[in-house]
Amino acid sequence: MLAQASLIPLLVLAAVTSGDDPVSFGREIRPLLADRCFPCHGPDAGTREANLRLDLRASAVEDRAGSRAIDTRAVADSELLIRVGDDLDPMPPGPDHAPLSSAEADLLERWISEGAPYDKHWAYQAPDRPEAPGVDAPLAPPEWVRGDIDRWILDGLADSGLEPAPRADARSLVRRLSLDLLGLPPTQAQVEAFALDPGQAALEGLVDELLASPHHAERLTTFWFDLVRFADTTGIHADNRWNITPYRDWVIDAFASNMPFDRFTVEQIAGDLLPDADRSQRVAAAYNRLNLITREGGSQPKEFLARYTADRVRNLTEVWLASTVGCAECHDHKFDPFSAEEFYELGAFFADIEQVGVYLSGNNTFPPELPVPSADQERRLGELTSALSAVEVALAAETPELAADRAVFIDALAMSSWITPEEVEVRSASGRTFEADASGAWRSSADGDDKDTFTVRFPAPAEPLRSIRLELLADEALPNQGPGLAANGNVVLSEVSVRVDGESVPITAARASFEQPGYPVAKAHDGELGRAGWAVMRGQDGAPSEVVFDLARPVGGPGSGAVEVELAQVHGGRHLMGRWRFSLGTMEGSPALAPDLRGLLSLPEGERPEAARLELDLLHRARCALLADERAEQARLRAELMTLQGQIPLVMETRAVDPMLTRVLARGNWMDETGDVVLPSVPAAFGTLTVEGRRPTRLDLARWLVDGENPLVARVLVNRVWRLFMGRGIVETLDDFGVQGTSPTHPELLDHLATRLVDSGWDLRALIRDIVTSSAYQQTSAIADPSSERGQRFGKQVRHRLDAEFIRDGALAASGLLQRDVGGPSVRPYQPVGYWSHLNFPRRTYRPSEGDALHRRALYGHWQRQFVHPSLAAFDAPSRERCTSERPRSNTPLAALALLNDPIFVEAARALAQQVLSAPDQTDGERVEDLWQRVLQRAPEAAEQALLLGLLAEHRASFAARPEDAAALTAIGASPAPPPLATDELAAWTSVARVALNLHEAIVRE
Amino acid sequence: MRPLLHPGLLNGLSRRTFLTGAAAGLGQAALASLNAGAAQDAGPFRVPGAPRAKRVIHLYMAGGPSHLETFDEKPELAKLDGEPMPESFTGGQQLAQLQGRALRCLGPRFPFRPFGESGLRICEKFPRLGSVIDEFCILNSLETDQINHDPAHTLFNTGTTLPGRPSMGSWIHYGLGSLNENLPAFVVLSSIGKGGQSQPIAARQWHSGFLPSRYQGVELRSVGDPVLYVQNPAGVDRAQQGDVVEAIARLNRVRAAGTGDPEAAARTAQYELAFRMQAAVPELVDLAGESQEVLDLYGTEGRDGSYASNCLMARRMAERGVRFIQVYHRGWDHHGGVQRSMEITAKEVDQASAALVTDLKRRGLLEDTLILFGGEFGRTPMGQGDGRDHHIRGFSYLMAGAGIPGGRRYGATDPLGYAAVEDVVHVRDLHATVLHLLGLDHEKLGYDFRGLDLRLTGVEPARVLRDVIA
């Protein structure tokens, strides 16, 4: 807020040029015209009045029936000046538009009398390669100038007669570097070492150490994620989780290896289109899938496809070009030279992305998706696959022993008899009726409930009964030819139970001729009545299947009573048997055999059709004792493979398909199909992109961005990075380099850094190193200078509150709880109960992670766009629904409540207390000092010490009187409290540690 | 280039300075309670004259209530029940789940009857609202641009569907400041109904967008902490929490004396405010002081997260100076079985909504409280089976309080209840009117963001509904 207010003098500064200098079109005139005139006389054809454009010189000076808006020969006759000065009917027309002040009108007049020169807006001109200014100004000692950055900063300060601020003290500097580069506080040892040798060489050594840390890559990843709107969820309506985390690992790796920014750009926008794209490049291209998407029923795919395209155009132009091209979705831009057509031409680059408008796939599946195994997983995958093929070779091998055994097996099969019981009675729990046909098969009627239980009842047969067989048969009359009543012809047999004379007979084993994946026959006799069961869908119509259930003991024989078999089918959706046959087996271990195969058993081997021969061979190999070891090995390998495949992370993939048609949508209206069809192209203001004889692609777009000719990309990046370390941009409006944005305070420095970045091969780390080793960076922020000029001239450093993530990370680091692994899937920190109660489809119950995962850096926390973790949100973490260039830094009671009371901070305080109590034989004063060092890397002042010891004494007393409260406080959090500590002592120190973690100083970078 | 100075921010600064000064010790909590921040009688956004309302209670019927079974009586539609919907009404229009299906009229499921002295006719399923209908102006001619829940809510709350824009409550807090710093100025409550799908609601709906975060809406929850993290950690009592906050405050002051960092004092003030909020919020949600008569009036037994309990909570917040209170009831998405669903949902909201009006009136609060009642869109006159699909071309809203003459009706839909045809009210017109009643000029209440002067009512013309509020 203060930073905003301090802008006023900048504008004053810009508006006042000395009488001798020519008026600057870019700094003085264009902003004035843009604000007052362009809305009706600018780039937007839709609102243009009198066919006059003041943004184009040709139109402004054109002869219009004897008068000109701008007349450089007869200045006073310029219609612009006449209309602006017309007291009765002034331009711009009132009452909604502010008239020009007389100073502004004078400026216009001077500019016209100087010939009304127009030039291209600064940001659309190629950067200069300016010479760094000399340093003869006696404002700072010569050694202050560490490089070109310092030359320009000093030069700018000299213009204002200001000296640079003194260098920050050693401790502030190390804290600043560590917080800026890692997002983590330094250690006491780092501070002490630097304090002993605070020279430039030592600083550069420290910087190099920090830049090489993987935590530096994590810190930059947080920066990048705000821009590209990285999150774990879709953002619209049900806000479902999606698969994205491999992309996070890619970004971390890219920063860790200092990937050149041009490659970093190309791989994200078009990694999939690179020749022979490897997996890593395809993961990078997941950038294109970060737009908000919907699964809301009733949404029109066309509307959302249009939104997805617009979202991508908006993000790309904001992140790389700091341009508000997004305004041109509905109309030509009011101030900047972008037409609506150009907006849609940019959109056409993304028309090749495989996607759907409304995702009706599973809750968390948004195809296409790419499996991304880790190196270990990849290796194990290879091992399992080759081991499996080896065992499959063994299982398929033919030997004389096998052939002989197979013949015996088939004979036994042919001999086994299946009998159809007599006097059968079939009932349905919901009143369905059954009709038998000549083959002994039953047809179930279509009426009745969606869930049902069939009961088959018959007198026990004379011969002891060992198994029960069900055949599910095809039928033309059934949906999809059956065998079930469900729309797709499927059946789910939930549970089978058998009773003889009312006494239950367990089922010991079951075999099926086919099992649908996920619906094994074991589910049909596991004693659980639910949606699970045995199902038979296999992508072909009406395929018959057979299942055999073995009974625990033979049933029947003389004197037995009635047998009752209950066939529960409670999956729902009419997954019920439509045509089926029921029979009884007398042979132990009868295999399940597809019904059409059974008739072929009695034929001599040579006369069986090839298919039947193969099937019987497989049946035999699946059962024969000779291959038992190989089968067990195969099952084990398959199980491991399935588990492994389930663990391999997926990432939403960008896959190119034939581009969909892109039209200009008048006023952004997706239902209007009359707009012109456009092809991919870039806005003329940014330059040109030429390819020969084919449609330009995303890859062309990405390469065009970073070809070194684009006037914006390097400047925009340099400006963002500069702001990370210097507190404000050289162009203050980080995301608007258009005519409504602010002008650079140091245009030459900006151009120097931009061209140097390109010349260095887009070496981001070198840029960062240049900035943070400069004397300008090392200035103190503790300088009392109320003028904002010093701030604009970068004549001091800035203090600011840390970003949300780093407040949490810092507390965990100070307490020793921080889990420092890099990369991996998202984790779930503690979160208040019910925080997700507004979500639905599906309803969600939040379950926090366990163990170390609770103490990972906030970067790895699950990012729910619609409900960002509340204590991050309290410190201004954005929803990441759109590009965020600059988070607000608010200061609210809700943030105070989060830092005081969120269990993660209470746990951190308790762990911190444990740390300071773990050193034996220390005085309270020494422990306070230890605590202060861990959190603030300095010793406490005497007044601080006294205050803390007072608090400690009071809370020792109050917790000693309330041991159960002490126990409750110290039990917060999943990390264990070591038993030897007295809980009242630990609780009292937890209070002291809470104070430390909540200090302003603890969450501020100075 | 235009000045990036936001008048509201300057006001924020002065208010903050005040608090810092006033709250030098924790014992002075009382000083900063009611009316601490009511320093903005004049400001850059104000319309001339005294504002009619100080606060708004938006009873927000999320999911999209059918106007045809609530406040818009359509006998012609009843006659066409089951008949094809005349194409002259629907040709070329966007539909949601009915897109591409055969369209048949579904007659209103319930009779309407006259209520009150005004004799205004509303659906008989809302007898309690009927009993206070003379307080209400019924707007029958609303229209919106968005046909699905998430975008339609975003439009209704922020004036656009682009993410990152402030919601109405945030704009109002920004424009007017707070009446009681010990409570959030913009509070959101919600309940889940049993009569329809409870469509999800995004926190975007009460987000402050590009406005500073302190203008964000705060949820008052019915489970766990009523405000997130408002309770002390387990085992810490109020005195101990006070010790901790006081130590933080004193240490910040010691340090600031050395560094001269003005933000340290601001931070300290927020801690002290937070500590006061830790007392004010439990007091707010403690219904022990409410009489049985009041509980019965609303039809609630206590703080249970029901709509009725939330309405009572809304009154308590109105009394305590909360500026914008938005009470969501998620139960109006009646795609199927609109008759059965409406019986359930009407019952869930009828009594408590009416009780709120009655209760505010007898406490003298209705005259400067604006009540809005309605959802993000209406429902089709065409049936979707025995339910109704989303509908954006015509729906109804209720307004009461703030001196709005009641017992009247404004605007109308066509004879089948399809399109608003008379005195059409776009959502942004409603926004303009709400702001106007609060003394804010919707064309002035703006904020510079990325070079644009952005407003709740956007760039399309919006009108204050002078005939409604006159």
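A compact globule of 470 residues would have a radius of gyration near 23 Å, and chain B, at 23 Å, agrees with this; the radius is taken over C-alpha atoms, and the globule rule is 2.2 Å times the number of residues to the power 0.38. The model is predicted, so local features need pLDDT of at least 70 and side-chain atom pairs count only at pLDDT 80 or more, while totals for chains, interfaces and linings use all residues. Residues are numbered from 1 along each chain as its sequence is written, with chains lettered from A and ligands numbered from 1 in the order of writing.

Along its principal axes, chain B fills a box of roughly 80 × 60 × 40 Å with its C-alpha atoms. Its secondary structure comprises 13 helices and 17 strands, taken as DSSP runs numbered from the N terminus (helices H or I, at least four residues; strands E, at least two). Buried residues account for 61% of chain B, where buried means that 20 or more other C-beta atoms, placed from the backbone, lie within 10 Å of the residue's own. Of the chain B contacts with a separation of 6 or more, 76% join residues 24 or more positions apart; a contact has C-beta atoms, placed from the backbone, within 7 Å.

Chain A has 1006 residues, 48% of them buried, and its C-alpha atoms occupy a box of roughly 120 × 90 × 55 Å along the principal axes. It contains 36 helices and 18 strands. Its domain assignment lists domain 1 (2-119), domain 2 (243-371 + 657-710), domain 3 (417-589) and domain 4 (903-1005), with bounds from an automatic or database assignment. The C-alpha centres of domains 2 and 3 of chain A are 54 Å apart.

The two chains can now be viewed together. The largest nonpolar core holds 316 residues, and those touching the most other members include A:Val718, A:Val995 and B:Cys311; such a core is a set of buried Ala, Val, Leu, Ile, Met, Phe, Trp, Tyr and Cys residues joined through C-beta atoms within 7 Å. Leaving aside residues up to four places away in sequence, A:Val995 touches A:Leu948 and A:Leu951 as well as B:Val244, B:Ala247, B:Ile248 and B:Leu251. A second, separate core of 45 residues includes A:Val491 and A:Tyr519.

Helix 31 (residues 893-901) of chain A packs against helix 8 (residues 262-285) of chain B at about 80°, with axes 8 Å apart.

Note on methods. Buried ≥ 20, exposed ≤ 12 C-beta atoms within 10 Å, placed from the backbone. Contact = placed C-beta atoms within 7 Å. Axes fitted to C-alpha atoms, helices over the stretch in contact; angles between N-to-C directions.
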